[in-house]
Each structure stands twice: as structure tokens, then as C-alpha cells.
Amino acid sequence: MTALAAVLLAAPAAPATVERAPSGAKAPAAAAAARTKPAPAALSRKHARDYRFLHGTVHGRPKAVWPCRTIVVALNRRGLPAHTARDLREAVRRISRASGYRFKVVYTRAVPTRAGHHPGGGAPEVLVASARPGVRGFDDPLAAATAEVQPLVDNAHWRLSTSVVLVNTQAHLRPGFAVDGMASVLAHELGHTLGLDHVPSRTQQLMGPYGAPGLGAGDIAGLRRLHHASCG
């Protein structure tokens with residue numbers, strides 16, 4: 001969870017390259033309610049301000065992804081553990097439930113470029129793939145995210161062109177939401193893609209230096225502010 005998002009901003013005319021789920025089955029009605037129930041509003045006052053924005057703010061509002069639409073996340077399963085697909089869906093589900101962002105998870109055979117960036121060519125917006133240390137300049141012990149973004153004229157939003165999340169094939173990440181769990185790592189990198197930065201908080205926050213087994217109050221508050229800036 002020490003991954004650092006490498007993001008380069010471009011001029012408006014040209015983008016730049018840059019809790020484990022609860023056990024036990026639910027009844028259909030309960031499961032449907034759980035899918036639509038918003039995240040709890042009562043956040044910890046102590047940690048609800050533990051968030052930072054990767055691209056800063058304009059007039060007090062964070063620079064956020066725009067337009068407000070479904071974000072396609074494509075998984076290339078080659079070289080990744082069998083549980084990665086399940087963990088990605090759970091990471092996306094929790095981020096969506098906490099923030100309001102909409103995602104669609106698909107499978108792909110697309111691979112990053114030699115520089116570790118998105119291959120382009122009409123490929124999905126967010127590509128999740130494996131990487132070996134030392135290949136494509138990748139040396140993170142767990143995972144890293146890069147994003148190609150295009151600031152808009154008002155400089156208050158940025159258009160997400162593409163993003164790549166690379167997972168270290170030698171990290172041996174555990175399933176689910178846990179410290180150094182695959183779902184936690186993927187949610188952390190998706191947080192960078194949406195515009196969250198690292199925070200110094202050592203507890204509770206998924207975006208903290210040591211990670212957390214789930215989204216903390218600060219993560220949720222930051223994601224909500226980003227979504228409100230995009231879709232509010």
C-alpha cells in the first residue's frame with residue numbers, strides 16, 4: 001500500500017502520458033437492499049478529514065473526473081492470482097457504494113506499453129494488469145497507478161483519458177480486504193485514479209502509508225467530495 005500514483009497533466013489540447021466481504025448468504029430482498037443502501041452517513045469525526053486530493057482544488061472544490069459517467073475497468077488476468085477478479089469487483093463495489101461513482105468491470109487481453117502506460121486504441125479507460133519488477137520501469141513492491149488526464153478549460157475538472165494499475169507479480173497479495181490484501185491494494189490504486197492522494201494517517205485510511213482493511217472515514221469523505229465535484 002505504499003504505491004505512489006504518477007500523474008502528469010497535459011495541456012487541454014493534448015492528453016499527456018502519464019473488510020473482506022461479510023460471510024453468509026443474504027436473502028434476495030436483503031441482498032438487493034444492500035446494493036442500493038448508501039454508505040453510512042455517520043463517519044468518524046476524528047478521521048473524516050484524513051484525505052488529500054491528488055490534483056488540488058479550485059475555489060474550494062477538488063479537481064475531479066468529468067464527465068459524470070460509468071468508468072470502464074478492464075482486467076487482464078494473465079500473471080495474477082485467481083482471486084483477483086473477485087477482489088477487483090469487491091473493490092469497485094465498495095468505492096461505488098461509498099462515493100456514487102459508477103463502474104463496469106470487463107476482461108481484456110490488452111497489455112500496457114513498454115513504458116507501463118495505457119495501450120490506447122479504443123481500449124478501456126482503466127486497465128488492471130500484472131507487471132514483473134524491473135520490467136517497463138516498474139519497481140513498486142505492491143502496485144502502482146498511472147493516469148493520462150486532460151485538464152478542461154475551467155481547470156476545475158479533468159477528463160480521464162486512460163489509467164493503468166500495475167500489480168507486482170511477486171507481491172503474493174492475499175485475497176480480500178486486509179493489509180496487503182489484493183482488494184485493498186486495488187481499491188487504493190483506484191482511489192489514485194479518481195483523484196485521492198496519500199495521507200499521513202497511519203490508521204483507518206485506505207490511502208494511508210500502511211493501508212487499512214477497508215475504506216476509512218477519510219477515504220469515504222474524500223471520495224464523496226470528488227464525486228460531488230463531478231456529478232453534484
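This is a predicted model: local features need pLDDT of at least 70, side-chain atom pairs count only at pLDDT 80 or more; totals for chains, interfaces and linings use all residues.
Me: Which other strands are joined to β9, and do they run parallel or antiparallel to it?

Reply: Strand β7, residues 126–131, runs parallel to β9 and is joined to it by six bridges, one of the pairings being that of V126 with S163 in β9. Strand β8, residues 143–151, runs antiparallel to β9, and nine bridges join the two; here A145 has V165 in β9 as its bridge partner.

Me: How should I think about the side chains of a strand, and is β9 mostly covered or mostly open?

Reply: As a general idea, the side chains of a regular strand alternate between the two faces of the sheet. In the present case, β9 spans residues 157–168 and is mostly covered, with 10 of its 12 residues buried, while for the protein chain as a whole 50% of the 232 residues count as buried.

Me: Turning to the helices, what describes the packing of two of them, and what are the values for α2 and α3?

Reply: In general, two packed helices are described by the angle between their axes and by the distance between those axes. For α2 and helix α3, residues 182–194, the axes come within 8 Å and cross at roughly 50°, which makes α2 oblique to α3. The crossing in which α2 passes α3 is right-handed.

Me: Which residues meet where α2 and α3 are in contact, and how do they divide by class?

Reply: From α2 the residues are T84, D87, L88, A91, V92 and I95, and they meet M182, A183, L186, A187, L190 and L194 of α3. Sorted by class, this contact comprises 10 nonpolar residues, one polar and one charged.

Me: Why does S99 count as buried, and which residues does S99 touch?

Reply: S99 belongs to helix α2, residues 84–99, and counts as buried because its relative accessibility is 9%, where the cut-off for buried is under 20%. Leaving aside residues up to four places away in sequence, S99 touches L223, R224 and H227.

Me: Finally, how many helices and strands does the protein chain have?

Reply: The secondary structure comes to four helices and nine strands, and from the N terminus on the elements follow the order β-α-β-β-β-β-α-β-β-β-β-α-α.

Conventions: Residues are numbered from 1 along each chain as its sequence is written. Side-chain values use heavy atoms; hydrogens and water are left out. Buried means under 20% relative accessible area, exposed over 50%, partly exposed in between (1.4 Å probe, protein chains only). Two strands pair if DSSP finds at least two bridges between them. Contact means heavy atoms within 4.5 Å. Axes are lines fitted to C-alpha atoms, for helices over the stretch in contact, and angles run from 0 to 180 degrees between N-to-C directions. Angles under 35 degrees count as roughly parallel, over 145 as roughly antiparallel, 65 to 115 as roughly perpendicular and the rest as oblique. A crossing is left-handed if the near helix is turned anticlockwise from the far one by less than a right angle, and right-handed if clockwise. Ala, Val, Leu, Ile, Met, Phe, Trp, Tyr, Cys and Pro count as nonpolar, Asp, Glu, Lys and Arg as charged, and the others, Gly among them, as polar.
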